[in-house]
Amino acid sequence: LIGKVLSKRQDTQKMGEILLNWDFLDRKEDAAPAIMQTVYTQMMHNTFKDELGDELHSIMTNNYYFWQIRFEKMILDGDSAWFDDKTTEKKESMDDIILASAREVLDKYGSDPEKYVWGDLHQMGFVSAIMRKGALKYFMGKGPYPMDGSGETLYRASYNFTDPYEVSLSSAMRMVVDLADKDKVMAVVPSGTSGRIFDPHFKDQADAYMNGEKIYWWFSDSMIKEHTESEYALEPFSFPEDKQ
């Protein structure tokens, strides 16, 4: 729907053509998902903010469960009083909001939408719990990485609409289990299997998580023994008699 509207205007025609030829996969290297997500986000702001005001709009935007399903129904219906911009004398339609939003995106991200790259905007990083924000947030973590997907894909990569397009929610684990294989499963955890900040396994699975590398977790005693690289032994301890 958005692509059809954009393709009718000379200044947004290229954006529309890219969307109309899109296969609807949110690949990090493609322009189409970048166009779709940025125009969609701007449409949402331009639809609701004039009625709600800055404070209420910010509260609503912060949780897409409040508005997203309703907003998509409005787009599919093609008509809603919300599309009218209350700050102007003209009565705007949905097409007006789509075009205005696309033009704002072109002003912000550049006049050639073919050069847009979803992964340049949509990235995921792994941060330490003691340093979640700021210039040094990846110092104890890893990233950021260009990220496929979005909030609408099985490859979950949601972002907060008040702070687009950094990934704020993704899978806690990726795992494939062959129920006939008692020796192993394939699994990867972002960004490592240890929660201790300076442990070598705190972030050593981040690259594998992002690039789809297969990591085997061994279950049978024989496979554990065969693939053991190191051991951590817990020895019983007793105090000397004079210390008891």
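The accessible surface of the protein comes to about 15900 Å², and carbon and sulfur atoms hold 53% of that area; accessible areas here come from the Shrake-Rupley method with a 1.4 Å probe, and for residues only the protein chains shown count as cover. This is a predicted model, in which local features need pLDDT of at least 70 and side-chain atom pairs count only at pLDDT 80 or more, whereas totals for chains, interfaces and linings use all residues. Residues are numbered from 1 along each chain as its sequence is written, and side-chain values use heavy atoms, with hydrogens and water left out.

Of the 244 residues in the protein, 35% are buried, where buried means under 20% relative accessible area, exposed means over 50%, and partly exposed covers what lies in between (1.4 Å probe, protein chains only). The radius of gyration of the protein is 24 Å, while a compact globule of 244 residues would have a value near 18 Å; the radius is taken over C-alpha atoms, and the globule rule is 2.2 Å times the number of residues to the power 0.38. Along its principal axes, the C-alpha trace spans about 90 × 45 × 30 Å.

Among contacts with a separation of 6 or more, 55% are made by residues 24 or more positions apart, a contact meaning heavy atoms within 4.5 Å.

The largest nonpolar core has 35 residues, and those with the most contacts inside it are Leu-6, Met-15, Val-39, Met-43, Trp-67 and Phe-71. The elements that give two or more residues to this core are helix H1 (2-6), helix H2 (13-20), helix H3 (32-61), helix H4 (68-77) and helix H5 (94-109), and H3 supplies the largest share, nine residues. A nonpolar core is a set of buried Ala, Val, Leu, Ile, Met, Phe, Trp, Tyr and Cys residues joined through side-chain atoms within 4.5 Å. Beyond its neighbours up to four places away in sequence, Met-15 touches Leu-6, Ile-35, Val-39, Ala-102, Val-105, Leu-106 and Pro-113. Apart from this core lies another, of 12 residues, which includes Ala-157, Ala-206, Ala-208 and Met-210.

Ala-32 is found in helix H3 and counts as buried at 6% relative accessibility; not counting residues up to four places away in sequence, Ala-32 touches Ile-18, Leu-19 and Trp-22. The C-alpha atoms of Ala-32 and Trp-22, which are 10 residues apart in sequence, are 6.3 Å apart in space. Met-94, found in helix H5, is buried with a relative accessible area of 9%, and its contacts, leaving aside neighbours within four places in sequence, are with Met-74, Ile-75, Gly-78 and Phe-83. Between the C-alpha atoms of Met-94 and Met-223, 129 residues apart along the chain, the separation is 60 Å.

Ser-191, in the loop between strand S6 (184-188) and helix H7 (206-211), counts as buried at 10% relative accessibility, and its contacts, not counting residues up to four places away in sequence, are Phe-126, Phe-202, Lys-203, Asp-204, Gln-205 and Ala-206. Gly-212, by contrast, is exposed, with a relative accessible area of 57%, and is found in the loop between H7 and strand S7 (216-218).

Some backbone features remain to be noted. Most residues other than glycine have a negative phi, and most peptide bonds are trans. Phe-24, although not a glycine, has a positive phi of about 70 degrees; Phe-24 lies in the loop between H2 and H3 and is exposed, with a relative accessible area of 62%. A cis peptide bond joins Gly-143 and Pro-144, with omega of about 0 degrees, and Pro-144 has its place in strand S2 (residues 142-146). A cis bond also joins Pro-164 and Tyr-165, with omega of about 10 degrees, and Tyr-165 is found in the loop between strand S3 (157-159) and strand S4 (167-170).

Terms used: Helices (H or I, at least four residues) and strands (E, at least two) are DSSP runs, numbered from the N terminus.
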